Amino acid sequence: MPPFSETLVERLACAERVAVLTGAGISAESGVPTFRDPDGLWQQFRPEELANIDAFLRNPVLVQGWYAHRRAVVEDVQPNPGHDALAELERLVPHFLLATQNVDDLHRRAGSERIIELHGNLTRSYCADCDRPASRDDLAAIDNGAEARCRSCAGLLRPDVVWFGEMLPDGAMERAAEAAAQADVFLSVGTRAVVYPAAGLPLIAREAGAYVVEVNVERSAIASEMSEVVLGPSGEVLPALLDAVRAFTE
Ligand code: BV8
């Protein structure tokens, strides 16, 4: 018995427009720690201590070191069948958009193309003063426990991610909100839905009449607003859902 309804299969199979929001949960089965789960990234630290500009300026070595560690984790892992299923869904649906809160680059590596990186991408870094993009070599000082600084202006190098209190990339939320408002089906996958404005996307889709589905191993903060909650690991649920959609359309 699949954990999702025939309705969902039918709606996805017939959908012209599908929008998806993903969070850290979709990368959990790749071995990337989530943020707020018991073994999450922020158990040893709190978001306030690391993912904000003040913490970075107060202790650049700690924050640069944390992102260097996360880059190493991400470079070491592979996309999982959940990422792969969303890349396949993009190829099946006429109008598809994937908005991710994740900064781990795994959707792109899985072959997804129509991606909005709402919170940036930690595989890119730049100078906090002159915006010059930083190369891997520029970041090498971090491995020696030193501050990584810009080769042009000696400013501190930072990851290309959106920290708390920072604006999302120009136009990112607008494009994602437009796709949510036009979606026939909206999937919210692997997110606790506590970080805004990203967590507002499923609600925009619901308001506009989409069939909104949550895929998670536990109910999120907005589960009660969903048309359907599918409980299960996205690396198993999403491939099974794609199999059912393919079988429906054959
Ligand atoms: C903004 C990048 C305008 C960095 C991240 C006071 C002052 C300033 C701002 C605010 C404020 N109060 C509120 C705000 C807004 C704030 C916010 O929402 N705060 C919350 C915490 C209350 N938002 C912002 O600041 C945003 N900017 O609003 O700008 C502004 C500006 C100034 C002043 C006011 C407004 C910017 C937010 C972006 C922060 N950056 N990441 C980095 O990664 O280091 S957020 C971070 O959280 C990640 O992006 C992550 O993706 C995201 C959300 O977390 P989740 O993805 O949901 O992950 P989590 O671990 O929580 O949950 C995992 C889920 O997966 C769970 O549900 C679990 O059950 C599930 N799961 C686990 N395994 C599986 C699974 N599901 C399926 N399968 C599995 N196998």
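A charge sits over a ring if NZ of Lys or CZ of Arg is within 6 Å of the ring centre and within 35 degrees of the ring normal. I looked for such cases, and Arg158 lies over the face of Trp163, at 3.9 Å from the ring centre. I also noted that the charged end of Arg70 sits over the ring of Trp66, 4.5 Å from its centre.

**Ground rules**

I am working on a predicted model, where local features need pLDDT of at least 70, side-chain atom pairs count only at pLDDT 80 or more, and totals for chains, interfaces and linings use all residues. I number residues from 1 along each chain as its sequence is written, and side-chain values use heavy atoms, with hydrogens and water left out.

**Entry: aromatic rings**

I searched the whole structure for aromatic pairs and found 3. Rings of Phe, Tyr and Trp (its six-membered ring) pair if their centres lie within 6.5 Å; planes under 30 degrees apart count as stacked, over 60 as edge-to-face and the rest as tilted.

Trp66 and Tyr67 have ring centres 5.0 Å apart and planes at 70°, so I logged this pair as edge-to-face. Are these two residues buried or exposed? Buried means under 20% relative accessible area, exposed over 50%, partly exposed in between (1.4 Å probe, protein chains only). Trp66 has a relative accessible area of 5%, so it is buried. Tyr67 is buried as well, at 3%.

Tyr67 also pairs with Trp163; this pair is tilted, with 6.1 Å centre to centre and 55° between the planes. Tyr67 lies in helix 5 (residues 60-76) and Trp163 in the loop between strand 6 (157-161) and helix 8, so the pair ties together parts that are 96 residues apart in sequence. For element names I use DSSP runs numbered from the N terminus: helices are H or I with at least four residues, strands are E with at least two. Trp163 is buried, with a relative accessible area of 2%. I wrote down the cluster that the ring pairs link: Phe56, Trp66, Tyr67 and Trp163.

**Entry: helix 8**

I checked which residues of helix 8 (residues 172-182) are buried, and found Ala172, Met173, Ala176, Ala177, Ala179 and Ala180. Viewed down the helix axis, the buried residues fall within an arc of 160°, so they line one face of helix 8. The arc is that of the directions from the helix axis to the C-beta atoms.

What do the buried residues of helix 8 pack against? I listed strand 1 (17-22), strand 2 (95-100), strand 3 (115-117), strand 7 (185-189) and helix 9 (201-207). Contact here means heavy atoms within 4.5 Å.

**Entry: Val213**

I looked up Val213, which lies in strand 8 (residues 211-216). Val213 counts as buried, at 0% relative accessibility. Leaving out residues up to four places away in sequence, Val213 touches Leu8, Phe186, Leu187, Ser188, Met226, Glu228 and Val230. From Val213 to Phe4 I read 209 residues in sequence and 9.5 Å in space, C-alpha to C-alpha.

**Entry: backbone**

The peptide bond from Tyr196 to Pro197 is cis, with omega near 5°. I placed Pro197 in the loop between strand 7 and helix 9.

Ala154 is not a glycine, yet has a positive phi of about 70°. I found Ala154 in the loop between strand 5 (133-134) and strand 6, and Ala154 is partly exposed at 42% relative accessible area.

Asp105 is also a residue other than glycine with a positive phi, near 70°. I located Asp105 in the loop between strand 2 and helix 7. Asp105 is buried, with a relative accessible area of 9%.

On a 1 Å grid over the protein atoms alone, a cavity is a set of points where a 1.4 Å probe fits but cannot get out, and a pocket is an open set with protein on both sides within 12 Å along at least five of seven lines; lining residues have an atom within 4 Å of a point. Grid points are joined across faces, edges and corners, and a volume is the space filled by probe spheres set on the points.

I counted 3 cavities of 30 Å³ or more. The second largest cavity has a volume of about 50 Å³, and its lining includes Asp105, Thr100 and Glu117. Helix 7 (106-109) gives the largest share of that lining, 3 residues.

The largest pocket has a volume of about 720 Å³. Of the 43 residues that line the largest pocket, I noted those closest to its centre: Gly23, Ala24, Phe35, Arg36 and Gln101. Helix 2 (25-28), helix 5 and strand 8 are the elements that give two or more residues to its lining.
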